[in-house]
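I opened this model to look up two things.

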Amino acid sequence: MQLDPLSAISPIDGRYAHKTKSLRAIFSEYGLIQRRVLVEVRWLQALAEHPQIEEVPRLSPAADALLNGLVDDFSLADGRRIKAIEKTSNHDVKAVEYFLKEKVADNEELSSVSEFFHFGCTSEDINNLSHAMMLADARRCLLPEADALMQALAAMADAQAAQPMLSRTHGQAASPTTLGKEIALFVHRLQAQLRQFKDIRILGKMNGAVGNFNAHLVGYPDINWIQLSRGFVESLGIDWNPHTTQIEPHDYMAEYFHALARLNTILIDLCRDLWGYIALGYFRQRAIAAEAGSSTMPHKVNPIDFENAEGNLGIANSLLLHLAEKLPVSRWQRDLTDSTAIRNMGTAIAHCLIAWQALLQGIGKLEVNAEKINQDLDHAWEVLAEAIQTVMRRYGIKAPYEQLKSLTRGQRIDKHRLHGFINHLDIPDEARQSLLALAPGSYIGNAVEQARKIIAALQ
């Protein structure tokens, strides 16, 4: 069957292809091969710049232009040619080397130095730098999506900072808060995780078969290979790891994937809270005329965006956490279990992208039902028991908790009954009037100030 969004095995290339297309040039096999070509070409150019490697003279502008063109103009046809070579070589990285030699065969200057394309390199010198560039590019793709989500949440938190709302500790009516403060908390948590994600150093190595520059030092013992390696890795926009085995040990990848997983876990928490608030009627969802909410119940507008996001976040985290735990583990100087696992990092990140976009879409459909929120508050005067027993403690009244427990637990409490209790307390009149002035909608502590402070910190 011909590959098409309808025939794709994975939904990230099928149903959700329009949401993940920005990742294709990064995580596809084409994206990996293109970066391998880049590393091999840049390595040859770096060797040609070194005065002690006389066998690779400084390249002419024409030769440099030809090499740059192999990178800049790399095409699907080039990728297919490399895959064809791989069928014979049975080695994906070696196929890149053979491809490059083939491409420069008609150029006398480059063909004479073509054996230096892969000089001193193990496949992992090429692969680890390619993967590092992929993850750096993916982060640049993810951060604007995360920022859009944060801004949407911050706008909601700002607009609803003063909207009082019942808390629901253990699912039961509890001391009031504000809707904006509860949304702002997610902004605060996400901001901390995003800061860590942004700060992760993406590492690379270029030091040969087991990390000791063995072949390099035999070939050119007088060259400062550490300096050359560091300069080359950093020229690709990657931080240098000086100490490795055959592979860069992937510890930074574990940090990267763990950071994304923590971010996603917070978003799962958000999805479930928003889903619950919709179920309570605290939010309405703007209906789209042409959409069917349910296949059989015409009245329904299901919270599908939040459910979609939660499902994709779970799949993403399953993969991210497996990669974070698996990739740093390698038998002795290297085994090949990382090679197949690492190919799925794009799948994990694609599910992040799908989820984040679904969540942003869902937030955009929400309308606050202040009438329902306020109605629930007005039917929950019992939540003021906390405030009353705290004042009773201050003025030395015995067993305040127990008295309020007897009055309120399992009881239907309204304003009249609660005021009757307050009026019989032996407390100063100023304290009494303060308690009588309380209502569930005004008993919100410093929730508004907290919301505003979090939003201000985001600016």
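My entries on the cavity and the helix pair follow.

**Ground rules.** I am working on a predicted model, where local features need pLDDT of at least 70, side-chain atom pairs count only at pLDDT 80 or more, and totals for chains, interfaces and linings use all residues. Residues are numbered from 1 along each chain as its sequence is written, and side-chain values use heavy atoms, without hydrogens and water.

**Cavity.** I searched the whole structure and found one cavity of 30 Å³ or more. A cavity here is a set of points on a 1 Å grid over the protein atoms alone where a 1.4 Å probe fits but cannot get out; lining residues have an atom within 4 Å of a point. I noted a volume of about 50 Å³ for the largest cavity, volume being the space filled by probe spheres set on the points.

I listed its lining: Ala-146, Leu-149, Met-150, Leu-190, Leu-194, Leu-263, Leu-267 and Trp-356. The lining has eight nonpolar residues, no polar and no charged. Helix 8 (123-159), helix 9 (179-199) and helix 12 (251-280) each supply at least two lining residues. Helices are DSSP runs (H or I, at least four residues). Helix 8 gives the most, with three.

**Helix pair.** I then checked helix 18 (residues 400-408) against helix 19 (residues 415-423): the angle is about 155 degrees and the axes are 12 Å apart. The two are therefore roughly antiparallel (angles over 145 degrees). Gln-403, Leu-404 and Leu-407 in helix 18 meet Arg-417, Leu-418 and Phe-421 in helix 19 (heavy atoms within 4.5 Å). I count four nonpolar, one polar and one charged in this contact.

Terms used
1 Å grid on protein atoms, 1.4 Å probe; cavity = no way out; pocket = protein on both sides within 12 Å on 5 of 7 lines; lining within 4 Å. Nonpolar A, V, L, I, M, F, W, Y, C, P; charged D, E, K, R; others polar. Axes fitted to C-alpha atoms, helices over the stretch in contact; angles between N-to-C directions. Parallel < 35°, antiparallel > 145°, perpendicular 65-115°, else oblique.
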